[in-house]
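Open the structure in your viewer and keep the selection tool at hand. The stops below say what to select next and what is there.

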Amino acid sequence: MMNYRDVLKRLKEERQKICWSQREICQYLRMSQAQYCKIENGEQYLSYDEVRLLSYAGMDVYYIFTGRRASDYYIKEFESCNYIEVICLLESLFSIVTYHCALERSEFWKELYKELQYIRLLDAAKSFDNNIFLLLRNLLNYTQREMSGMLSIDIKKLRRLEKGECLPDSELLWRFYKEFYVSPFILLRDRKGLLYEAGWFLERIAVDAEDDIAALQTIYCKN
């Protein structure tokens, strides 16, 4: 069972992996060491902008939030893709997963389908700049009260999120992923995090969809 405490353990792990002390990371995040200690202890959450900064620091933020670590192989293959191209890559992956799910109907493909279906909410005509909170709630036909209860926030905050008047902190990013499988990196608009996510899914389907992946490499790789 996923727990936000696991996110904090992986945050510490990644901080140590890049050989940063608490003092160094709090200087980078422009906060006091006392504040950062509260964050690693779960007494305070990282802001939206602070989470984005972690990615720029060289941390694997995809691993921090999901517990999944993609190898470098596919990440390097698709490294030249920009933000919109990575989203299109994920949409292509969803199409491949949908095809195999319909034909094979195995639990493996059903699970991948469930985890990638959030990508259907994004609209290319709006440059994928969509309000996922509102779109997902409408898709699932939830009331604001039902959705806010699942996310453990009050209705006023959900309304503000749906209007784009506030941004999610680290705990809410994680909870949205835990409850609805929506990638934190869609909300963060983080190309690197989405690339790591694509890499993980590519690894998962590599054996069963080798020809499909070869076609994606032809389309998206610019080597």
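Select H100, which sits in helix 7 of this predicted model. Is H100 buried or exposed? With a relative accessible area of 8%, H100 is buried, because anything under 20% counts that way. Show the side chain of H100 together with that of D212: a polar contact of 3.3 Å joins the two. Then display what else surrounds H100. Once neighbours within four places in sequence are set aside, H100 is in contact with R105, W109, D208, A209 and D212.

Draw a distance from Y99 to A215, C-alpha to C-alpha: the two are 15 Å apart in space and 116 residues apart in sequence.

Now select the cysteines C101, C88 and C81. C101 has a relative accessible area of 15% and is buried. C88, at 25% relative accessibility, counts as partly exposed. Which cysteine sulfur is closest to that of C88? The closest is in C81, at 9.2 Å, which is too far for a bond. The structure as a whole holds zero disulfides.

**The core**

Next, select F78, L93, F176 and L194. These are the residues with the most contacts inside the largest nonpolar core, a set of 73 residues. Helix 7 gives the most to this core, with ten residues.

Centre the view on F176. Leaving out neighbours within four places in sequence, F176 is in contact with I132, F133, L136, L151, Y181, V182 and L187.

**Away from L93**

Move to Y142, in the loop between helix 9 (132-140) and helix 10 (144-151). At 28% relative accessibility, Y142 counts as partly exposed. What is Y142 in contact with, leaving aside its neighbours within four places in sequence? The contacts of Y142 are R137, M147, M150 and F180. Draw a C-alpha to C-alpha distance from Y142 to L93: the pair is 27 Å apart in space, with a separation of 49 residues in sequence.

**Helix 4 and its cover**

Select residues 48-56, which form helix 4; its buried residues are Y48, E50, V51, L54 and S55. An α-helix has 3.6 residues a turn, so residues three or four places apart point the same way. In helix 4, Y48, V51 and S55 are among the buried residues.

Which helices cover the buried residues of helix 4? The cover includes helix 1 (4-17), helix 2 (22-28) and helix 5 (61-66). It also includes helix 12 (170-180), helix 13 (184-188) and helix 14 (191-205).

**Two loop residues with positive phi**

Select C19, in the loop between helix 1 and helix 2. Phi of C19 is near 60°, a positive value in a residue other than glycine. C19 is exposed, with a relative accessible area of 64%.

Go on to R189, in the loop between helix 13 and helix 14. R189 is not a glycine either, yet its phi is positive, at about 55°. The relative accessibility of R189 is 36%, so R189 counts as partly exposed.

**The whole protein**

Clear the selection and zoom out. How many helices and strands are there in the protein? There are 15 helices and zero strands. Along the principal axes, the C-alpha atoms fill a box of roughly 50 × 45 × 35 Å.

Buried residues make up 48% of the 223 residues. The accessible surface comes to about 11,400 Å², and carbon and sulfur atoms account for 47% of that surface.

Note on methods:
Residues are numbered from 1 along each chain as its sequence is written. This is a predicted model: local features need pLDDT of at least 70, side-chain atom pairs count only at pLDDT 80 or more; totals for chains, interfaces and linings use all residues. Side-chain values use heavy atoms; hydrogens and water are left out. A disulfide is a pair of cysteine sulfur atoms within 2.5 Å. Buried means under 20% relative accessible area, exposed over 50%, partly exposed in between (1.4 Å probe, protein chains only). Helices (H or I, at least four residues) and strands (E, at least two) are DSSP runs, numbered from the N terminus. Contact means heavy atoms within 4.5 Å. A polar contact is a pair of N or O atoms within 3.5 Å; within protein, one must be able to donate a hydrogen and the other to accept it, and residues adjacent in sequence count only if both atoms are side-chain atoms. Accessible areas come from the Shrake-Rupley method with a 1.4 Å probe; for residues, only the protein chains shown count as cover. A nonpolar core is a set of buried Ala, Val, Leu, Ile, Met, Phe, Trp, Tyr and Cys residues joined through side-chain atoms within 4.5 Å.
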